[in-house]
Amino acid sequence: MTLLITAFAAIIATVVWYAKPESGMRIGMLCLMYWGAALMWLVDAIAEYVELGAAYFTPAASDLLNDSYLGLSVVALGLVIWLAVLLIKDPQGRVKTALMKNSTK
């Protein structure tokens with residue numbers, strides 16, 4: 001499940017990046033984070049398949065639930081990191097404008 005969730009997040013981020021490549025929102029960085037996570041989970045899935053064999057395709061329900069939570073946590077952490085970078089870099093100058101507006105009151 002972790003591989004599927006991160007792969008879907010990577011695909012969605014890539015489609016958004018491809019639709020608006022010059023938006024200034026650093027979506028390419030988000031794509032790279034998600035594709036890196038998907039690649040990591042792919043290697044993990046291959047190693048687990050080599051270890052378990054055909055039993056890999058019949059996981060317990062609790063394992064599926066735990067993997068789903070982990071996949072969603074990875075996607076959420078990627079979004080938090082992306083938002084933090086956006087706030088620090090401030091590509092459109094909105095945070096700086098808001099801070100200057102509040103300091104002049």
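UniProt positions are given here in the numbering used for this chain, and such annotations may be inferred rather than shown by experiment. With that in mind, an unreviewed UniProt entry places the feature "transmembrane region" at residues 69–88. In this predicted model, residues 69–88 are 100% helix and 0% strand.

Confidence comes next. The protein has an average pLDDT of 89, and 98% of the residues score at least 70. Among its elements, helix α1 (residues 2–19) has the highest mean pLDDT, 95, while helix α4 (residues 94–103) has the lowest, 76. Where pLDDT is low, the predicted coordinates should not be read in detail.

Helix α1 also matters for reading the surface. A nonpolar patch there is formed by Met1, Leu4, Phe8, Ile11, Ile12, Val15, Val16, Trp35 and Leu64. Together these residues have about 840 Å² of accessible area. Helix α1 supplies the largest share of the patch, 6 residues. Trp35 belongs to helix α2 (residues 27–52). Its relative accessible area is 40%, so Trp35 counts as partly exposed.

The aromatic rings give another point of orientation. The whole structure holds 3 aromatic pairs. One of them joins Tyr56 and Phe57 edge-to-face, with 5.3 Å from centre to centre and 80° between the planes. Tyr56 is partly exposed, at 26% relative accessible area, whereas Phe57 counts as exposed because its relative accessibility is 59%, over the 50% cut-off. Ring pairs also bring in Tyr49, which forms a cluster with Tyr56 and Phe57.

Notes:
Residues numbered from 1 in each chain as written. Predicted model: local features only at pLDDT ≥ 70, side-chain atom pairs only at ≥ 80, totals over all residues. Heavy atoms only, no water. pLDDT = per-residue confidence, 0-100. Helix = DSSP H or I, 4+ residues; strand = E, 2+ residues; numbered from the N terminus. Patch = residues over 30% accessible without salt bridge, like charges linked within 9 Å, V, L, I, M, F, W, Y side chains within 5 Å. Areas by Shrake-Rupley, 256 points an atom, 1.4 Å probe, with all protein chains shown as cover. Salt bridge = Lys/Arg side-chain N within 4 Å of Asp/Glu carboxyl O. Buried < 20%, exposed > 50% of the residue type's maximum accessible area, 1.4 Å probe, protein only. Phe/Tyr/Trp six-rings, centres within 6.5 Å; stacked < 30°, edge-to-face > 60°.
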